[in-house]
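Me: I would like to learn how to read the contacts in a model like this one. Please take the features one at a time.

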Number of protein chains: 2
Amino acid sequence: MRLIDDIAALPLFSGLSLSQQEALTALSRRQSFKKGATVFSRGDGSSGFYMILAGRVKVFQLSTEGKEQILHIFGPGESVGEAAVFSGAMFPAYAEAYEDSTLLFIPRDSFIELIRNDPTLSLAMLAVLSKRLRMVTALVESLSLKEVPARLASHLLFLSAEGGAAGRIELDISKGHLASLLGTIPETLSRILTKMTARGLIRSEGSRITILNRAGMDALAAGERKL
Amino acid sequence: MRLIDDIAALPLFSGLSLSQQEALTALSRRQSFKKGATVFSRGDGSSGFYMILAGRVKVFQLSTEGKEQILHIFGPGESVGEAAVFSGAMFPAYAEAYEDSTLLFIPRDSFIELIRNDPTLSLAMLAVLSKRLRMVTALVESLSLKEVPARLASHLLFLSAEGGAAGRIELDISKGHLASLLGTIPETLSRILTKMTARGLIRSEGSRITILNRAGMDALAAGERKL
DNA sequence: CGCTCCGTTGAAACGGTTCAACCCACGTGG
DNA sequence: CCACGTGGGTTGAACCGTTTCAACGGAGCG
């Protein structure tokens, strides 16, 4: 596939004029990452950001003892590392390929130039950052104000809401990573899943989870009931 | 003081042309809030955002049991609630006056119009959002990856770095609120402060805290040593 | 003076982590 | 084709940091 077609297919850039898309094509470049490969590390100087053309990218933080907190796993069409373009010059987190991925690298300077000339693009970028901010804010709320069962219940309800029919969920990440996303460890996640199963709230078979009692899960997520 | 002078004095708007500042003056309005008054609540529809002219504003989240997590306390020249302008229509947190304050309310539509015509303003706004994102990301890291002593040490070092000379810190918020900012409760904060004092790391007299052993505090903040 | 607000201290309880063992599915190489 | 190692997941028991609950002290104020 030609690069310009990839670019035109990205929601963030689809509003650009053809000539702008061509300019972007000339400046940006495709890059492939094998599963597990580092895209950037915390503290790295930023000279641009990435758009995901295919694959997924895990963005996370690391404690001194090596525990990792996943901030988000991004998929095709989403941007990674864009905040560092507009303030500071360092990435505040780590990013690595969650599976074999191809990304589009967009150099900072040319992108800023593009934004300067296109209000639509700048508004789109503002929307992206606002959404990110909202997401991370929700994570703070989750970590600080809810205990793990409530966080897990919220997350499962979220997955079920977007994920298809009748409380049927197919986890697309390992349970270990789900634990890290929820700010806990695999052991705790496992215990809570078995407890939820024992209470008849869910059925859990490997990476397939089914919500059996939505009202009960809602109550858990809201913190109105304990496990 | 005339409204337009207030506006011209705000960093975010100082780059605007005189005519733009005049347009903004015509559209925005000053609002006073008594200490403790609600600026907006979580879930409120957003029709614009606020700039702080004087005073301070506390932005926070609330758990179902009433525990509060402070996201940040903003001061003069800073914006509040700006993320909701560009995505979604709901405020994702609560905001209330931390002391008697006067704010400038800027309606969403006219601000977007302004941004559309001024690339400099849009880049400034992107920088603001990026900085916010960075801040909240750091909070996540703190909450999820460090225990309270490390968080407190980091915070004190931060205050000392920007706050003046020789490890002398003057807390400008109550210890109870500091606890909430750190994601903990007053009792825990108090215990840790006495422990730090006992270890000779700090001296604590009311709201005045002095760092006596910077290296030790660095080690604590980095998680290399325990209390 | 008595009230309230804030901070401090102690003892007990709790949620979550740590450490260790174990199971299973899977892929690899002898 | 089977033995082996590996990674993901589960389970149990001990441990630990933090919270909860309760009580108390001091400062500020009507």
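Me: Which helix gives the largest share of the surface near DNA strand C?
Reply: A residue is near a strand if its C-beta atom, placed from the backbone, lies within 6 Å of it. Helices are DSSP runs of H or I with at least four residues, strands are runs of E with at least two, and both are numbered from the N terminus. Here helix 8 of chain B gives the largest share, 6 residues. This is a predicted model, in which local features need pLDDT of at least 70, side-chain atom pairs count only at pLDDT 80 or more, and totals for chains, interfaces and linings use all residues. Residues are numbered from 1 along each chain as its sequence is written, while chains are lettered from A and ligands numbered from 1 in the order in which they are written.

Me: What surrounds DNA strand D?
Reply: DNA strand D has 17 residues around it, the closest being A:Gly176, A:Ser190, B:Glu147, B:Val148 and B:Thr188. The largest share of this surface, 6 residues, comes from helix 8 of chain A. By class, the surface near DNA strand D has 5 nonpolar, 6 polar and 6 charged residues.

Me: How many residues of chain B are in contact with chain A?
Reply: Two residues are in contact if their C-beta atoms, placed from the backbone, lie within 7 Å. By that test 41 residues of chain B touch 41 residues of chain A. Helix 5 of chain B gives the most to its side, with 21 residues. That side of chain B consists of 21 nonpolar, 12 polar and 8 charged residues.

Me: How are the two copies related?
Reply: Two copies of a chain are related by a rotation about an axis and a shift along it. Superposition is by least squares on the C-alpha atoms of residues with pLDDT of at least 70 in both copies. Chain B is superposed on chain A by a rotation of 180° with 0.0 Å of shift along the axis (RMSD 0.0 Å). The copies are thus related as by a two-fold rotation axis. They meet through the same surface, because 100% of the interface residues of chain B are also interface residues in chain A.

Me: At what angle do helix 4 of chain A and helix 5 of chain B pack?
Reply: Axes are lines fitted to C-alpha atoms, for helices over the stretch in contact, and angles run from 0 to 180 degrees between N-to-C directions. Helix 4 (residues 108-117) of chain A packs on helix 5 of chain B at about 125°, with the axes 8 Å apart. Angles under 35 degrees count as roughly parallel, over 145 as roughly antiparallel, 65 to 115 as roughly perpendicular and the rest as oblique. Helix 4 of chain A is therefore oblique to helix 5 of chain B. The contact is made by A:Ile112, A:Ile115 and A:Arg116 of helix 4 of chain A with B:Pro119, B:Ser122 and B:Leu123 of helix 5 of chain B.

Terms used:
Ala, Val, Leu, Ile, Met, Phe, Trp, Tyr, Cys and Pro count as nonpolar, Asp, Glu, Lys and Arg as charged, and the others, Gly among them, as polar.
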